[in-house]
Amino acid sequence: MSDQTHLRIPGPVPVPHKVLMASASPMINHRGKQFKEKLPAVLERLKYVFQTKNTVLALTGSGTAAMEAAVANLVNPGDPVLVLVGGTFGQRWANICNAYQGKVYKLEFPWGQGVEPQLVRDFLLKHPEIKIVFATHNESSTGVLNDIEAIGRIIRETQALFVVDAVSSLGGVMIQTDKWGIDIVCTASQKCLMVPPGLAFLSVSQRAKERMLEVKSPRFYLDLKVYEDMLAKGEPPYTPNLANFFAIEESLKLIEAEGLNQIFARHILMRDMIRIGLEAIGLTLLVEEQWASPTVTAVRLDLMNVDEFIKELRDHYGVEVAGGQGKLAGKIFRIGHMGHTNPLEMLTTLAAIESCLGRYGQAVAAAEKLWIKRSSQ
Ligand SMILES: Cc1ncc(COP(=O)(O)O)c(C=O)c1O
């Protein structure tokens, strides 16, 4: 098998050629004139993808760095916070809040189902002391897309701040930071933004900035006030991942040229092709249509050992999918369809899966039919 696998995991995702080339640019002085223009310009352009007028900051680190920064800057020891958990990434919020000694309340939802906004309302009515609600937009461990707009509407009826992990959705799925009232949105470079891993981004509202001034939790590298103050001078506080800055300039060009609406439609089409194809060959999807993520699809595999299937798919077909995490380990496999991917690649992915399972033709035919139908609409 060639060393070029088809990466169909929920990130990192394939990086477009121009973006990769840009990431190989010669290094520059991160305190020099060129970067003083580049840093604010990139963060300003990212506001389009975040759909926000709030400040956008960059950290050198992965998505979890942005998540930890949100907690370190907003949560004092003993602060009551609510975490909405339906998979490993929701649980990660709870783990980070525990590490910062918040008083953590969890509302748990079955893995494979979305957050029920009404239950959030009921909880917040009973617990008006909650200071912050943490949620996951796209729960990558299950392939569930949560209704952040509806949850945001409820949170705005209270005094609580709203913090959202959009690591596997921002740039592929609609998220309207300002309209939906989200105080901090966290994301990372290696998913829908189509850049190698190594940069994390956050948008920060005025309310969140005000709260940060009152929070005493220890922080240094992740102190967001320092990033904001330095940004006013066009500089990062510490040496940033310059290669990824060159890369994201190119990927933003691609995003701006395609346009967010077209990008969202492409992701929904890819999701629907994968779902219709898998069902056509008799596989069971973990998530019902109403919660189905446009960027990750989880599939049950009852008749075969999942790890063996994943290995076979990789070794014989060069298609790399991901296994289950946490309590879904060994029960599901997950297909990533985000960022630099297109409908044709959904057909090849389905063809490999059905061939690997010894079931031929129906998945591709069903998905292709859907693709043609959508293209002619
Ligand atoms: C929804 C979600 N949140 C957080 C993360 C953590 O990001 P990272 O691995 O970049 O730290 C991931 C990574 O897969 C994710 O999918």
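These legends go with a set of close-up views of one predicted model.

A few ground rules before the panels: this is a predicted model, where local features need pLDDT of at least 70, side-chain atom pairs count only at pLDDT 80 or more, and totals for chains, interfaces and linings use all residues. Residues are numbered from 1 along each chain as its sequence is written, and side-chain values use heavy atoms, with hydrogens and water left out.

**Panel A. The shell around the ligand.** The ligand has 13 residues around it, and the closest are Ser62, Thr64, Ser140, Asp165 and Lys191. Sorted by class, that gives three nonpolar, seven polar and three charged residues. The classes are simple: Ala, Val, Leu, Ile, Met, Phe, Trp, Tyr, Cys and Pro are nonpolar, Asp, Glu, Lys and Arg are charged, and the others, Gly among them, are polar. Helix H3 (63-74) and helix H4 (88-99) each put at least two residues into the shell, with H3 giving the most, three residues. Helices here are DSSP runs of H or I with at least four residues, strands are E runs of at least two, and both are numbered from the N terminus.

**Panel C. The largest pocket.** This pocket has a volume of about 280 Å³. Its lining has 18 residues, and the closest to its centre are Leu145, Val173, Arg271, Ala292 and Pro294. Helix H6 (148-155) and helix H10 (260-280) are the elements that give two or more residues to that lining, and H10 gives the most, with three. Pockets and cavities are found on a 1 Å grid over the protein atoms alone: in a cavity a 1.4 Å probe fits but cannot get out, while a pocket is an open set of points with protein on both sides within 12 Å along at least five of seven lines, and lining residues have an atom within 4 Å of a point. Points are joined across faces, edges and corners, and a volume is the space filled by probe spheres set on them.

**Panel D. The largest cavity.** The count comes to five cavities of 30 Å³ or more, and the largest has a volume of about 130 Å³. Of its 17 lining residues, Leu39, Ala58, Tyr227, Pro236 and Pro237 are the closest to the centre. Strand S2 (55-60) is one of the elements that supply at least two lining residues, and S2 gives the most, with four. The lining divides into 14 nonpolar, two polar and one charged.

Panel E. His337 lies in the loop between strand S15 (332-336) and helix H12 (343-356). At 0% relative accessibility, His337 counts as buried (buried is under 20%, exposed over 50%, partly exposed in between, with a 1.4 Å probe and protein chains only). The His337 side chain reaches the backbone oxygen of Pro294 at 3.0 Å and makes a polar contact with the side chain of Thr297 at 2.7 Å.

Panel F. Most residues other than glycine have a negative phi, and most peptide bonds are trans. Gln101 has a phi near 60° and is exposed, at 54% relative accessibility. Met194 has a phi near 65°, but is buried at 7%. The peptide bond from Gly11 to Pro12 is cis, with omega near 0°.

Methods
A residue is near a molecule or strand if one of its heavy atoms lies within 4 Å of it. A polar contact is a pair of N or O atoms within 3.5 Å; within protein, one must be able to donate a hydrogen and the other to accept it, and residues adjacent in sequence count only if both atoms are side-chain atoms.
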